[in-house]
Amino acid sequence: MFETLQKATLDKIFVLMAEYAADPRANKIDLGVGVYKDPQNNTPIMSAVRKAEQRILDGAKTKTYKGVVGNKEFSAGIVDLALGGVVDATRIRTVNGAGGTGALMILMQVLGRARPKGRIFISDPTWPNHIPLAENANLTVHYYPYFDPATRQVDFGAMMKVVDTLTGDDVVLLHGCCHNPTGANLTPAQWDAVVESLQRTGAFPLVDLAYLGFGDGLVEDAYGVRKVAASLPECMIAFSASKNFGLYRERAGVAIAIARDAAAADVVSSQMQNIIRGTISQTPDHGAEIVRVILEDKALRAEWETELTQMRERMKRLRVKLADAIRRKSNSKDFDFIATHSGMFSLLGLPQSVVEKLKTEDGVYMINDSRINVAGIPEDRVDELADYLIAAAG
Ligand code: LMR
């Protein structure tokens with residue numbers, strides 16, 4: 001049987017994570033996989049999460065099935081968090097996903113059923129997993145330019161040149177905030193322009209919302225997704241609780257579909273449920289239940305928001321520290337963009353050979369497209385990291 005198979009390509013992010021784990025050097029620096037790190041270089045369990053988890057352990061009476069749509073109260077809390085009531089609930093349907101990736105999988109599969117082999121336009125560059133997710137859903141991947149490597153900012157003119165040509169049969173995948181991998185994000189005015197374009201062309205937006213609260217704040221980061229949802233007759237949103245609740249391995253996410261009316265929404269809901277049942281039958285509930293408990297409890301919610309703010313502020317501080325150190329040491333503003341980007345990542349714009357050299361010679365790990373996870377910047381070794389980057393960039 002297996003002789004007909006060829007070795008599949010593994011995702012570079014997780015290949016790098018394994019390489020980092022296997023590296024015996026004590027001074028190695030992990031700027032690779034997108035997980036939050038505290039000053040001790042740990043990915044902590046948030047205290048609100050610990051308390052919610054304890055409450056669940058103490059109070060749970062059963063582990064029976066929840067049903068195919070999953071934890072409805074979790075989904076309702078997330079819809080509220082992401083959309084803030086801008087869409088009439090009669091047009092919204094949700095199912096839980098196994099993480100944000102699971103939510104993307106469900107939504108893309110529905111889109112692949114709606115438009116078999118249809119075109120999905122994805123930002124260039126993007127999170128690498130978007131591509132197999134779309135291809136596995138029977139969609140045809142196309143790209144829109146997104147990033148200007150010279151300025152390290154969004155190349156909005158080039159992006160809109162493509163977005164403006166889309167048709168009512170096309171899907172456009174938008175990063176809701178904290179663009180992965182670039183760290184360069186649309187301004188509110190640019191979101192407005194994208195939405196105007198989609199209103200004109202009828203192209204269908206799918207918003208990947210994996211980092212809500214990691215950029216400028218829970219409400220600020222929701223500007224784009226709220227604008228899309230409030231202004232267009234149909235859209236989809238994939239929400240991930242992996243980062244903002246630190247629930248990476250629990251796989252908690254929500255697939256949100258917004259349709260023209262309740263009848264159309266029911267059809268989409270049945271498709272989403274059919275996909276879940278025919279793939280994984282039920283979604284995991286532990287992480288979903290943790291988030292539900294936090295969002296429904298005033299004190300826990302406040303605690304979570306405070307922790308999330310601390311995480312965001314720490315990432316911002318690390319950005320500024322690294323950019324300052326590089327400017328001071330190199331007398332050049334070439335890396336100032338690190339401080340102005342937002343979210344978890346910045347794309348440094350280094351060639352792959354330089355990225356490889358940083359890894360093998362200095363023990364500095366980043367994704368081969370030169371994406372860094374800013375949460376991994378060691379605060380007490382910022383100068384050392386700046387030296388490595390300056391030397392590598394030549
Ligand atoms: C990343 O981009 O590093 C994270 O989203 C982890 C992942 O699943 O790829």
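Guide: The following conversation sets values from this model against the definitions of the terms used.

Guide: This is a predicted model, in which local features need pLDDT of at least 70, side-chain atom pairs count only at pLDDT 80 or more, and totals for chains, interfaces and linings use all residues. Residues are numbered from 1 along each chain as its sequence is written, and side-chain values use heavy atoms, with hydrogens and water left out.

Visitor: Why is Thr 283 called buried?

Guide: Buried means under 20% relative accessible area, exposed means over 50%, and partly exposed lies in between (1.4 Å probe, protein chains only). Thr 283 has a relative accessible area of 12%, and is therefore buried. Its place is the loop between α9 (262-279) and α10 (286-296); helices (H or I, at least four residues) and strands (E, at least two) are DSSP runs, numbered from the N terminus.

Visitor: Which residues are in contact with Thr 283, leaving aside its neighbours within four places in sequence?

Guide: Contact means heavy atoms within 4.5 Å. With those neighbours set aside, Thr 283 is in contact with Gly 70, Asn 96, Gly 97, Ala 98 and Ile 276. Asn 96 is 187 residues away along the chain, and the C-alpha atoms of Thr 283 and Asn 96 are separated by 6.4 Å.

Visitor: What makes the pair Glu 305 and Arg 301 a salt bridge?

Guide: A salt bridge is a side-chain nitrogen of Lys or Arg within 4 Å of a carboxyl oxygen of Asp or Glu. The closest N and O atoms of Glu 305 and Arg 301 are 3.3 Å apart, and the pair forms a salt bridge. Both residues lie in helix α11 (residues 298-330), 4 residues apart, about one turn of the helix. Glu 305 counts as partly exposed because its relative accessibility is 30%. Arg 301 has 25%, so Arg 301 is partly exposed.

Visitor: How do you know that Arg 317 and Glu 379 form a salt bridge?

Guide: Their closest N and O atoms are 2.9 Å apart, and they form a salt bridge. Arg 317 lies in helix α11 and Glu 379 in the loop between β13 (371-373) and α14 (382-393), so this pair ties together parts that are 62 residues apart in sequence. At 38% relative accessibility, Arg 317 counts as partly exposed; Glu 379, at 24%, counts as partly exposed. Salt bridges that share partners join Arg 314, Arg 317, Lys 321 and Glu 379 into one network.

Visitor: How many salt bridges does this rule count?

Guide: The count comes to 25 salt bridges. One of them joins Arg 327 and Asp 336, with the closest N and O atoms 2.9 Å apart.

Visitor: What does the UniProt record list for residues 301-328?

Guide: The unreviewed UniProt entry lists a "coiled-coil region" there; such annotations may be inferred rather than shown by experiment. In the model, residues 301-328 are 100% helix and 0% strand, and the end C-alpha atoms are 40 Å apart.
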